[in-house]
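This report describes a few parts of one protein chain. The model is a predicted one.

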Amino acid sequence: MDKIVSLCKRRGFVYQTSSIYGGLANAYDYGPLGVELLNNIKSLWWKRFVHEREDIVGIDSQIIYHPRVWEASGHTKEFFDPLVEDKKTHKRYRADHLVEAWLKEKGWEDKYKVEDMTFEELKEFIKKHNIKSPEGNEITEPMKFNLLFETYLGSVEGKKRKVYLRGETAQGIFINFKNVLETTRIKLPFGIAQIGKAFRNEITTGQFIFRTFEFEQAEIEYFFDPKKQDWEKLFKGWQEEIWRFVVEDLGINEKKLRWRRHSDAERSHYSKETYDLDFEFPFGFKELWGLAYRTDYDLTQHNKYSGQDLTYWDEETGRRFIPHVIEPSVGPNRIFLMVLINAYREEKERVCLSLKPYLAPYKAAIFPLLANKKELVEKARKIYEQLKRKFHTYWDARGNIGKRYRYQDEIGTPYCITIDFETLEDDTVTVRDRDTMKQERVKVEKLESYLQERLEV
Ligand code: GAP
């Protein structure tokens, strides 16, 4: 993990936010390479789950909604984590995380499962075993700590209105269900997708970008008629889709993945069934992607709280009903971390990021062999100008060629193209493959199609 963090900092993938002011805990900015990788991940998700599917459309909703949204959804009451405080240091911890660490220390992970404990059981467990803080001090009883970020709208003191930064992008989809239904020709079963920021006042953060206060979510609400479609079959289908995306599109090693079913105690208030796709991060198997069967819970709640009719009219059967929903939900920032961990290789003489070519921040790098040879630089510049219109391309004419290769390997550029004296004679260039380090001569006129083929998603 330290190596990934260090690479991110050294090469400009991720910076600690506000670092010139000493930083802000658990908040990060994405640098020149990071923003490219993150955008590539989001674009690939959007391509696969929106553009390539005739049954899914996208939206982009606000971050701040009408505050009643969160009352209707149950988040103002149910969206909490169990919080304890060290009585001496006043540091705050998530009670379930303390119990988890305590069980691990005792070697009792198979005897008790913290995910199976209700809030009350957790409270009892801490009391019974006199669990202490990591500093060894007494802790308070667990309290329910709401994760929604509060803020205020309005400029007149005393008349400001309390609102929330969204705790999940999903609610933006539910409150637009009627709009989408009325303005498109879409019919059940169909999905609405959204990528955007979400905010949670997390108690335990740390572990770099894995859990932050501000993060992105890529969510789909997939609406269907439970009388026509078996939810368990649909759920299985979504599990397969997600697995395929992670293994084939993102190139993640299958051995590092597992599905984990939520216990009754762990499941969110809105869900009838939840599975997490966990990835083995350096700090253990942790949730990457959640899949939940939210039934008709959210639309029913919004129907009730807004007084608006959120039912669906089925022309075929003449039935009017509230659709049910299956929700795949993932954090692009977590995908980003997983992809970096999965791609990182340390070899004898180099560090190499073996990213899938279409995810790489730069697709190709152009090097004139010698920076002081005008003919080489001119020719290389011409090729660069041509390629950069098609692919994100890096120009580098500094230092020896070995160093230039090392730098590109470290930032994951799949192809390095060198313009040398032979180029001036026969119009061919050397293309070096990042992973195999093999080189081949390619005609300049074929370069674009050569890369296109290899960068295909
Ligand atoms: N709408 C359902 C929902 O929000 P969730 O399991 O709480 O479910 C979905 O979150 C996904 O969002 C997670 O699987 C994770 O990838 C990402 N996520 C959640 N909290 C996060 C945080 N604090 N930092 C980064 N990503 C987070």
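## Helix α2

In α2, the buried residues are Leu33, Gly34, Leu37, Leu38, Asn40, Ile41, Lys42, Leu44, Trp45, Arg48, Phe49 and Val50. The helix covers residues 32–51, which is 20 residues. At 1.5 Å a residue it should span 28 Å, and this agrees with the 27 Å between its end C-alpha atoms.

## Isoleucine 63

Isoleucine 63 is found in the loop that runs between β3 (56–58) and α3 (68–73). Its relative accessible area is 30%. Buried means under 20% and exposed means over 50%, so isoleucine 63 counts as partly exposed.

Leaving aside residues up to four places away in sequence, isoleucine 63 touches Tyr164, Leu165, Arg166, Lys197 and Phe199. Tryptophan 45 is 18 residues from isoleucine 63 along the chain, and the C-alpha atoms of the two are separated by 21 Å.

## A five-stranded sheet

Five strands form an open sheet in the order β20-β19-β21-β22-β23, and their pairing is mixed. Strands β20 (393–395) and β23 (439–443) are the edge strands, each pairing on one side only. From one strand to the next, the twist averages 30°.

Within this sheet, β21 (residues 415–419) pairs with β22 (residues 428–433) in the antiparallel sense, over four bridges. Cysteine 416 stands opposite arginine 432 of β22. Helix α13 (residues 401–411) packs on the sheet and touches β19 (364–368), β20, β21, β22 and β23. The direction of α13 makes about 170° with that of β19.

Definitions and conventions. Residues are numbered from 1 along each chain as its sequence is written. This is a predicted model: local features need pLDDT of at least 70, side-chain atom pairs count only at pLDDT 80 or more; totals for chains, interfaces and linings use all residues. Side-chain values use heavy atoms; hydrogens and water are left out. Helices (H or I, at least four residues) and strands (E, at least two) are DSSP runs, numbered from the N terminus. The expected span of a helix is 1.5 Å times one less than its number of residues. Buried means under 20% relative accessible area, exposed over 50%, partly exposed in between (1.4 Å probe, protein chains only). Contact means heavy atoms within 4.5 Å. Two strands pair if DSSP finds at least two bridges between them. Axes are lines fitted to C-alpha atoms, for helices over the stretch in contact, and angles run from 0 to 180 degrees between N-to-C directions.
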